[in-house]
Every structure is written in C-alpha cells, then in structure tokens.
Amino acid sequence: MSTFTTLKPVLYTKELKATITFYTTILGFDCAAFEESLGWASVIKDNIEIIFAYPNEHVSFAKPYFTGSFYIITNKVDELWSRFKEVCKVCYDIENFNYGMREFAVYDNNGYLLQFGQQIE
C-alpha cells in the first residue's frame, strides 16, 4: 500500500503576480518558484506550499472558486489576527469555538477562503 506524503493544492487565478504579492507581503509566504511564461508560481511558508496557476485552457474558468476553505493550523492565531484583520477581507472575526479551536477567516485576493486556527488549551 502506498503512503501519501504531501498535499500541494493548485489554485487557478488570472492574477498570478497580484496573488504572489498578496501571499508574500500580506501573509508572509516566500515565493519558491515563478514561471511566468508557463503560467504558475509556488508559495511556501513553514510546512505549507500552495501552487497558483493560470487556468488550464481545457477548463471553463470565469473566476476563482472553491467550494470549501483552506484551514491553516497555527500556534499564533491572535498575532495573525492582529496582522491580517486590517489588510484582508474578513469572513469572520476571531472566536473560540466549542470544538476546541480559536480561529478566524479571511479571503485572499482571489476570493479563496483561508481559515486560521489554534487549539484552545
């Protein structure tokens, strides 16, 4: 039986440069790769890597969409909330939830939902 080792989401965008800028300047990721002529880039922060790409020409694409969210576990949720709440579009404010997480959610420049959570001790 094979073992899964890594998940690297590939998200479509028509705003590749703006997306790289958002993730590096606002969220603190590093740009690991940018192949403008091939239409993709990779951003990394700690153990998280996200690939952004121009839409495949065989896929109908009017605007970015995703039917869920990307949930990022952190050990500094309050610090991130303080940094992001003024510079990102907020989905919901920081809150303690009965399932044991303190979290908030913001949208990236494409409209993808990013949730940041920390386990309540």
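The conversation below goes through the fold of a predicted model, from overall layout to sheet, helices and core.

User: What is the secondary structure of the protein chain?
Analyst: The protein chain has two helices and eight strands, in the order β-α-β-β-β-β-α-β-β-β along the sequence. Helices (H or I, at least four residues) and strands (E, at least two) are DSSP runs, numbered from the N terminus. Residues are numbered from 1 along each chain as its sequence is written, and side-chain values use heavy atoms, with hydrogens and water left out. As this is a predicted model, local features need pLDDT of at least 70 and side-chain atom pairs count only at pLDDT 80 or more, whereas totals for chains, interfaces and linings use all residues.

User: Which strands form the open sheet, and in what order?
Analyst: Four strands form it, in the order β5-β8-β7-β6, with mixed pairing. Two strands pair if DSSP finds at least two bridges between them. β5 and β6 stand at the edges with a single partner strand each, so one side of each has no neighbour in the sheet. The twist from one strand to the next averages 15 degrees; axes are lines fitted to C-alpha atoms, for helices over the stretch in contact, and angles run from 0 to 180 degrees between N-to-C directions.

User: Parallel or antiparallel for β5 and β8?
Analyst: β5 and β8 run parallel and are joined by four bridges. Tyr71 has Gln115 in β8 as its bridge partner.

User: And how many bridges for β7 and β8?
Analyst: Seven bridges pair β7 and β8 in the antiparallel sense. Glu103 stands opposite Gly117 in β8. Their hairpin has five residues between the strands, and Gly111 there takes a positive phi near 100 degrees.

User: What about β6 with β7?
Analyst: Strand β6 (residues 89–96) and strand β7 (residues 101–107) are antiparallel, with five bridges. Val90 is bridged to Val106 in β7, and Glu95 stands opposite Glu103 in β7. Four residues lie between the two strands of this hairpin, and Gly100 in the turn has a positive phi of about 90 degrees.

User: Changing topic: which residues of α1 are buried?
Analyst: Leu16, Thr19, Ile20, Phe22 and Tyr23 are buried in α1. Buried means under 20% relative accessible area, exposed over 50%, and partly exposed in between (1.4 Å probe, protein chains only). Seen down the axis of α1, these residues fall within an arc of 160 degrees, so they line one face of the helix; the arc is that of the directions from the helix axis to the C-beta atoms.

User: What do they pack against?
Analyst: The buried residues of α1 pack against β2 (30–35), β3, β4, β7 and β8. Contact means heavy atoms within 4.5 Å.

User: Where does α2 lie?
Analyst: α2 lies across β6, β7 and β8, at about 25 degrees to β7.

User: Which residues have the most contacts inside the largest nonpolar core?
Analyst: Tyr23, Leu27, Phe104 and Phe116 do, in a core of 24 residues. Such a core is a set of buried Ala, Val, Leu, Ile, Met, Phe, Trp, Tyr and Cys residues joined through side-chain atoms within 4.5 Å.

User: What does Leu27 touch?
Analyst: Not counting residues up to four places away in sequence, Leu27 touches Phe22, Lys45, Arg83, Phe84, Cys88 and Leu114.

User: Last one: how many residues of β8 are buried?
Analyst: Six of the seven residues of β8 are buried, so β8 is largely enclosed by the rest of the structure.
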